[in-house]
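Let's take a walk through this one together, chain by chain. Have the structure open and follow along as we go.

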Amino acid sequence: MSDFFYLIAQQTINGVVMGCLYVMVALGLTLIYGVMNQINFAHADFVTLGGFAAYFFVKWMGGGYLLSILVAFLAGACLGYLVNLMIFAPLRERGDELRPLIATIGVSVLLENGALIAFGPVPYQFDSPYDETIRLGKIFFTTQSLLVVIVASSSIAALYAFMKYTFIGKALRAIAQDRETAGLMGINQAFLIMLTIVIASAMAGMAGAMLGPILVLTPFAGASVIVKAFAIVIIGGFGNMAGTIIAGLLVGLIEAFTTQYLDSGVTDLVVFALLLIMLLVKPTGLIAEKKEENV
Amino acid sequence: MSEQLSILKKIPSWVYYLLTIALIIVLPILLGGSAYWRSILITISLNIMLAMSLNLILGYTGQLHLGHSAFYGVGAYATTLLIKKAGFSFWMAVATSSLLAGIIGILLAFFATRLKGHYLAIASMAFAIILHQILLNWGSMTSGPLGIYGIAPPPPIALFGLEIKFNNQVNLFYLISFVALISYIVLNNILKSPIGDTLRAIREDEVSAASLGINAKLWKVFSFGVGAMIAGLAGSFYPSFVGTLVPDAFAVIESFSYLAMVVVGGMGTMIGPIIGAVVLTLLPELLRSIGDARLLVYGLSLTLVVLFMPGGILQAIQLIKTKLIK
């Protein structure tokens, strides 16, 4: 087979690996938006802190890498719980649309710079034990990227199934569709919103643990991912899981091929130009949700 | 006490302007020969312009705009490049680049007229990221991440036969604070006119505003245009003050610091963003002994103010005032 084919296949694999991570982060944003029409800016820092939690678990406590993914999961869940407790829950009662967003921007700036002071700007080398290279013809990938795809796709599938088939998932979708009516049906909103944020944040933390060995770990690791996650949720359609998954993989692929054929410096440029075009042409995203009050 | 307060209200506004001018003249003299404090004074003046102009869009028109750093960056880079590459005179370059920033603000406003709330927040942030990436990647024009060095201060001007040079920071401070004062007067007049009521009506309820015959789209474009122009004007003085120009000075995170100034000071008031800009520029400097805590302070104060004092420092001052009267 020609080299051209291998190149395409190689970049497709690279794109899918990054896309999987983006989907894990973006799904959380979309879920939170779905149940309470809010964006959590600090979501980015759950990715970063999840990565650091996993790193220090391996480094200091001698834990295994797979277990450290679980640690990052828990770290993300705790952070999500705290942000809900301190920001979203108290502000929800006052019923202002933009204030929680501004508050989470504050939390994000705070966490990011707190991490900068605590961990320093020098990137941490997070070595995964899964660094063997698998070779298929002229296509290379590491076992770590295989692990990322497996963990990401299984957790995404689990989340999808949870939302689709369990009672709690159904209740969450009911809140997303109509909050007041869902409340009348006896659904405990405050608890379910908290649960959504915790699940979403845990996924973000987990993504951080898997991101560490692929990129490097810095206090800004999450920030570079989250801006793309924002682009993904809008391109996919805010609050829509299937759209987010498609858009996440799409952005991963765009990024890989931009790096190959243009320049690695312009990937953000291409992704955000796509986002702005999408907002102009079809602001409801690839798959539109029924409510369009924000557009 | 209440009598004294009512006397305060009767003082005509020109007295306040005169007091402000006196304060501007006295401040660099009071702070002595310290170059450090003088550069902080200049930074405060620039931040006041940025916070006031963001407040027009965010506080008065109610548009959650997170890309203000883009307008600041356009002003800074356009001025420098027009002088360097196109041979413009300094003042022509300042005028042209603030106009350019205004036009770019109007471009962003086309998004604002179609989007609301969170969508606008993300679109405006994407806008600032794109501009930052262009500055980083357009190496032949902007020298990319290395930046542009050795930018000259504004050329001297002749005033009443006196030549005023701007290579000293006191005169530069007078110049920039004069520009900031003019911007304040312009904004204040706009907001006291019926236009101010129109913008506030759009902020409170766009549909009701439209039903009263207000063309919300047009006024959003106006608000973004004027806001961007003033931010661009601030930006065009930035390079000649700092002497160097790097893209990271206009990264998205800087938009968040202007947001913090507006919210911490008191959103939707004239004086609030000024207080916010002064406090949030001074506070990190006073905390310098702990380390570079600038953004940490911004993040913390932004969160605390939104949670506990949504009207910002201004609300706190008014609370204290009413308690004193009682």
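This is a predicted model: local features need pLDDT of at least 70, side-chain atom pairs count only at pLDDT 80 or more; totals for chains, interfaces and linings use all residues.

Now click on I234(A) and see who sits around it. Setting aside neighbours within four places in sequence, I234(A) is in contact with L275(A), M278(A), L279(A) and G285(A), and also with Y119(B) and I122(B) from the other chain.

Let's step back and take in chain A as a whole. Chain A has 11 helices and 2 strands, and along the sequence they come in the order α-α-α-α-β-β-α-α-α-α-α-α-α. The radius of gyration of chain A is 19 Å, close to the 19 Å from the globule rule for 295 residues, so chain A is as compact as a globular protein of that length. Its C-alpha trace spans about 60 × 45 × 35 Å along the principal axes. Buried residues make up 51% of the 295 in chain A. As for how the chain folds back on itself, take the contacts in chain A with a separation of 6 or more: 75% of them are between residues 24 or more positions apart.

Where do the two strands of chain A go? Strand β1 (residues 133-136) and strand β2 (residues 139-142) of chain A pair in the antiparallel sense, over 4 bridges. Together β1(A) and β2(A) make a hairpin with 2 residues between them. G137(A), in the turn, has a positive phi of about 60°.

Is P121(A) buried or exposed? P121(A) has 9 C-beta neighbours inside 10 Å, so it counts as exposed. Leaving out neighbours within four places in sequence, P121(A) is in contact with L116(A) and T218(A). For a sense of distance, P121(A) and L21(A) are 100 residues apart along the chain, and their C-alpha atoms are separated by 23 Å.

On to chain B, which has 15 helices and 2 strands. A compact globule of 326 residues would have a radius of gyration near 20 Å, and the 20 Å of chain B agrees with that. The C-alpha atoms of chain B fill a box of roughly 60 × 50 × 45 Å along the principal axes. Here 47% of the 326 residues count as buried.

In α12(B), 14 of the 14 residues are buried, so the helix is largely enclosed by the rest of the structure. After α12(B) comes G266(B), with a positive phi near 140°.

The other helix is α15 of chain B, residues 312-325. Among its residues, G312(B), I313(B) and L314(B) are buried, and the buried residues of α15(B) pack against α12, α13 (272-286) and α14 of chain B. Zoom in on I313(B): it has 20 C-beta neighbours inside 10 Å, so it counts as buried. Not counting residues up to four places away in sequence, I313(B) touches V264(B), G265(B), G266(B), I275(B), G276(B) and V279(B). I313(B) and I275(B) are 38 residues apart in sequence, and 7.6 Å apart from C-alpha to C-alpha.

Finally, how do the chains meet? The contact takes 31 residues from chain B and 32 residues from chain A. On the chain B side, α6 (117-137), α12 (252-265) and α14 (294-308) each supply at least two residues. The largest share of that side, 12 residues, comes from α6(B). By class, the chain B side has 22 nonpolar, 7 polar and 2 charged residues.

Methods: Residues are numbered from 1 along each chain as its sequence is written. Chains are lettered from A and ligands numbered from 1 in the order in which they are written. Two residues are in contact if their C-beta atoms, placed from the backbone, lie within 7 Å. Ala, Val, Leu, Ile, Met, Phe, Trp, Tyr, Cys and Pro count as nonpolar, Asp, Glu, Lys and Arg as charged, and the others, Gly among them, as polar. The radius of gyration is taken over C-alpha atoms; the globule rule is 2.2 Å times the number of residues to the power 0.38. A residue is buried if 20 or more other C-beta atoms lie within 10 Å of its own, exposed if 12 or fewer, and partly exposed in between; C-beta atoms are placed from the backbone. Two strands pair if DSSP finds at least two bridges between them. The expected span of a helix is 1.5 Å times one less than its number of residues.
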